[in-house]
Amino acid sequence: MKSGLSASKYIRNNKRTCFVLIIALALTFMAMYVVNYLLMVTGESFKPIYLEMPKKVTYLAVTAETLGVNAEDYPDGGYGKATAESRNELMNRLKQTDGIRDAYYNQVLNARYSAVFGSTGFSFPLVEPEKIPEFLEHFNAELIEGEMPKGDGEILCDSVIMKNASFSVGDWFFENMYGKTFKVVGVISSPEMVCIGTPNGYNNTGWYITILTDEAHSDFSKIADQIGLKLNALDSVDDAVHNRESFKEDVEDVMDSVNSVILLVVIIFLAISVLVAYVSFMRNRVNEYCLYASIGYSKKEIYGMIMREMGIMFGVGVLLGALSAIVTMAVLDATLIRPAGLLSAWWYPQHIISILAAYAAVVGVLQIPILVTVFRIRTIDLMED
Amino acid sequence: MFEIKNISMIYDSDTDEKMYALGGFDLSLPDTGLVGIIGPSGSGKSTLMYCISTLKKPTEGSVLYNGAEVTESSDHEREELRRKEFGFVFQKHYLVPYMTALDNVLVAATGRGKETEERAKNFLKKLGLSEREFGKRPAKLSGGQCQRVAIARAMINDPKVIFADEPTASLDHENAFNVMKILKEYSKDRLVLVVTHDRSILSDVDLTVEMWDGMVSKVS
């Protein structure tokens, strides 16, 4: 026998009551998804710096000990020269290694990049002007505005960093950090958001061996093994592996933790408010359920109707929430994210699963008032009361 | 159709202040016809109807429907009976407040589709509701109209038995007469049990069961 208990009739005829619940569910979904989106703007924006750029460049700073130079062997001077010679010899070995395009010893400069939550920095080399075309070619970067550096202290800056730091061509490059030492002379566009420039004296920002690699050779430990270089704890290796680990620890794990806490707090509040609303729903409809039982509907059919009604409201709520999240993300992208030189992504299936799981938990909590009500359904007896 | 044996209904049976709604009696009801159960308020007539219709379980005794014991049957079996073979008109109309008159009839229907809807409309028309009123909610209908919707709901599945508890209570004399006429017509090949305290509506009944203080005082 077909059940005549329609789940949609109550919703269609009680739009105002159901609308409140549907909107609450939709807004919660939207809020949780958009918060995740904003948190992940940080991750998405940092990805080129942490995950893409290090696939093509490794910065290496090794101690004299690693280079095989012992200061005690040069009591009368010559230690510096010996270190430089040994470093040059290392660079020559690196240049001859498969997957390494070039290696040079240079100062580096740091660029700052601020996301919605937090900021990061990355190094880029200061090299002689004639080295710059090779670097740009390596990163498939092209000059889109301004000119190539010719003199000292001239910087080519990626367009995204330009937006993020509100730079224009001719501005001082991070004046708060370096004073009036480096000037932006051109804007480049590259998938990895790179910068490059020429040195301007000694800036205390560190000297490194810059190694231009292909992606397959971006794990420096393998290269070190290949060329017989024994690294020690004092050596600094800034390669793809190191950056991947940093990204996971400093960005992904932090964002995941924050997301989990927000999700938990929001869901607790949602569960309480929906629970209160549903207790009221159930109480107002006890007579209706008793009527159904009186005319021959089973408790199972009545429970099924209640669950279908809930399913429709949650389904519509999720759908509306998803639509409003898309609209909100589009507006945020256009007004806040892109103009600030930040990157974003809209599709996080794992987070959708988390939200849906949280909603399922709320439905689970709602089983308490529903089952209590269904258990208490009598026929005409309760209606008479 | 119904064989009622030694039926009693005791409220607060666990306490010293037992209240006998039904005092233990036998009663036999035919397969067809209009049966009136009459008695003053508190005489146990509604309780008897609820016990016969499986809505309430008597404290003692048994109710046999077509030879089968229904008082001891499972919840599912009783639900099936109420759904397929019985129709109900309650003392208060108990319409679902957010549904239209038509939906209130259809909610009891075991079938679906256009045919069932047409059938529901025909019942409503027959009971004096205009098409304009089909789409109205109970709050927009008069008490009499609500009761007629409740009667249409009771008839929608063409049940073998209709239990009507004060079906004309909120109707004027003319409408009350019309409702009884419809119930009388229905009872030609079905059983209709009408519980009432209004003797005037029972002029056309085939059997009258008079109740007094939880007991059947007269069957005529």
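Colleague: How many residues does the contact take from chain B, and how many from chain A?
Modeller: Happy to start there, and please keep in mind that this is a predicted model. Chain A puts 18 residues into the contact with chain B. From chain B, the contact takes 21 residues.

Colleague: Which element gives the most to the side of chain B that touches chain A?
Modeller: Two elements of chain B give two or more residues to that side: helix H2 (75-84) and helix H3 (101-106). The residues on this side of chain B divide into twelve nonpolar, two polar and seven charged. With five residues, the element that gives the most is H2(B).

Colleague: Let's move to a pair of helices. Are H11(A) and H12(A) roughly parallel or roughly antiparallel to each other?
Modeller: Helix H11 of chain A covers residues 299-337, and helix H12 of chain A covers residues 349-376. Their axes are 11 Å apart, and the helices pack at an angle of about 150 degrees. Angles over 145 degrees count as roughly antiparallel. Therefore H11(A) and H12(A) are roughly antiparallel.

Colleague: How many nonpolar residues does the contact of H11(A) with H12(A) have?
Modeller: From H11(A), the residues that meet H12(A) include Ile302(A), Met310(A) and Phe314(A). Among their partners in H12(A) are Val363(A), Leu366(A) and Ile370(A). By class, the contact has no polar residues and one charged residue, and the number of nonpolar residues is eleven.

Colleague: Now for single residues. Is Met193(A) buried or exposed?
Modeller: Met193(A) sits in the loop between strand S6 (183-189) and strand S7 (196-197) of chain A. Its phi is positive, about 55 degrees, although it is not a glycine. Most residues other than glycine have a negative phi. Because 28 other C-beta atoms lie within 10 Å, Met193(A) is buried.

Colleague: And what about Asn66(B), is it buried or exposed?
Modeller: This residue of chain B also has a positive phi, about 50 degrees, without being a glycine. Asn66(B) lies in the loop between strand S4 (60-65) and strand S5 (68-69) of chain B. Because it has 11 other C-beta atoms within 10 Å, Asn66(B) is exposed.

Colleague: One more, about domains. How far apart do the C-alpha centres of domain 1 and domain 2 of chain A lie?
Modeller: The domain assignment gives domain 1 (7-46 + 249-384) and domain 2 (109-205) of chain A. Their contact takes ten residues from domain 1 and ten residues from domain 2. As for the C-alpha centres of the two domains, the distance between them is 47 Å.

Definitions and conventions: Residues are numbered from 1 along each chain as its sequence is written. Chains are lettered from A and ligands numbered from 1 in the order in which they are written. This is a predicted model: local features need pLDDT of at least 70, side-chain atom pairs count only at pLDDT 80 or more; totals for chains, interfaces and linings use all residues. Helices (H or I, at least four residues) and strands (E, at least two) are DSSP runs, numbered from the N terminus. A residue is buried if 20 or more other C-beta atoms lie within 10 Å of its own, exposed if 12 or fewer, and partly exposed in between; C-beta atoms are placed from the backbone. Two residues are in contact if their C-beta atoms, placed from the backbone, lie within 7 Å. Ala, Val, Leu, Ile, Met, Phe, Trp, Tyr, Cys and Pro count as nonpolar, Asp, Glu, Lys and Arg as charged, and the others, Gly among them, as polar. Axes are lines fitted to C-alpha atoms, for helices over the stretch in contact, and angles run from 0 to 180 degrees between N-to-C directions. Angles under 35 degrees count as roughly parallel, over 145 as roughly antiparallel, 65 to 115 as roughly perpendicular and the rest as oblique. Domain bounds come from an automatic or database domain assignment.
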